[in-house]
Amino acid sequence: MSQHPSDLYRTPQAPPPAQSLPRRDMRDAIRGSVTPPAAALTSQPPQQSLELAQRYELLNRLGVPPVANEDFDELARDMAEQAGFLYGFVNLFLEEQTFVGLHQPPADSGYVIVGRTMSRDHGWCPEVMTRKKALPLHDVHASPRFSGNAVVDAVGIRSYFGAPLIHDSGTVLGTVCVIDPEKRPLREARRIRDITINTGAQVMNHMSRALVR
């Protein structure tokens, strides 16, 4: 589903976006098979359709539904707090970017409030998915390649650090990332990058434990 950035990022006075996913704990989630919408497979290039189907198959095998999850919310919060960032995400890259883990400022903080989904084309996580390794952007405007972005235009994000979620099978399920409206000193880049990488490993360990519950 294609959406304009202004539909995805609301002012703090507005209620949470209607497309936000339900808050559900993984342990209590319905364990039935979850499949991608047929349109999501037929509307994409063959390679992307294959990768999407593989992600859904792996999530089903692990018993991880693509819904909001309190455990992943906690991991997103811990990651953001360690990094000193306002926002943290555990992101499954499905027909949309789906934030099964989310941390953000309170609704009355004056900062932008985000929903649980975003277009596959927005932000910097698509780049992490392609490169299959961490992407540290201490100042997104420092590189013309990454400065022109719907998220920058809509929210004014200045720093992004993301890392991929890679299963032992080689399937890339998504990303973890932190974003903030303030740029970071270059000397902090390695520390923040390592925080996202370590959080990605924690997320994958959590998914593996879900398989044996």
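Predicted model: local features only at pLDDT ≥ 70, side-chain atom pairs only at ≥ 80, totals over all residues.
Residues are numbered from 1 along each chain as its sequence is written. Local features need pLDDT of at least 70 and side-chain atom pairs count only at pLDDT 80 or more, while totals for chains, interfaces and linings use all residues, and side-chain values use heavy atoms, with hydrogens and water left out.

Strand E8, residues 172-180, runs antiparallel to E2 and is joined to E2 by six bridges. Strand E3, residues 97-103, is also antiparallel to E2, again with six bridges. E2 and E3 form a hairpin with three residues between them. Centre on Asn91: its bridge partner in E8 is Thr175, and its partner in E3 is Phe99.

Now show the largest nonpolar core, which has 30 residues (a core is a set of buried Ala, Val, Leu, Ile, Met, Phe, Trp, Tyr and Cys residues joined through side-chain atoms within 4.5 Å). Phe72, Val90, Leu173, Val178, Val203 and Met207 have the most contacts inside this core. Helices H3 (46-62), H4 (70-83) and H8 (189-211), with strands E2, E7 (159-166) and E8, each supply at least two of its residues. A second, separate core of 20 residues includes Phe99, Val155, Tyr160 and Ile179.

Select Leu173 and its contacts (heavy atoms within 4.5 Å). Beyond four places in sequence, these include Arg55, Asn91, Phe93, Met129 and Met207.

Move to the largest pocket, with a volume of about 330 Å³. Of its 15 lining residues, Glu51, Arg55, Phe93, Met129 and Thr130 are the closest to the centre. H3 and H5 are the elements that give two or more residues to the lining, and H3 gives the largest share, five residues.

Finish at Lys132, in the loop between helix H5 (125-131) and strand E6 (135-137). Its phi is near 60°, a positive value in a residue other than glycine. Lys132 is partly exposed, with a relative accessible area of 48%.

Technical notes:
Pairing = 2+ DSSP bridges. Helix = DSSP H or I, 4+ residues; strand = E, 2+ residues; numbered from the N terminus. Buried < 20%, exposed > 50% of the residue type's maximum accessible area, 1.4 Å probe, protein only. 1 Å grid on protein atoms, 1.4 Å probe; cavity = no way out; pocket = protein on both sides within 12 Å on 5 of 7 lines; lining within 4 Å. Points joined across faces, edges and corners; volume = space filled by probe spheres on them.
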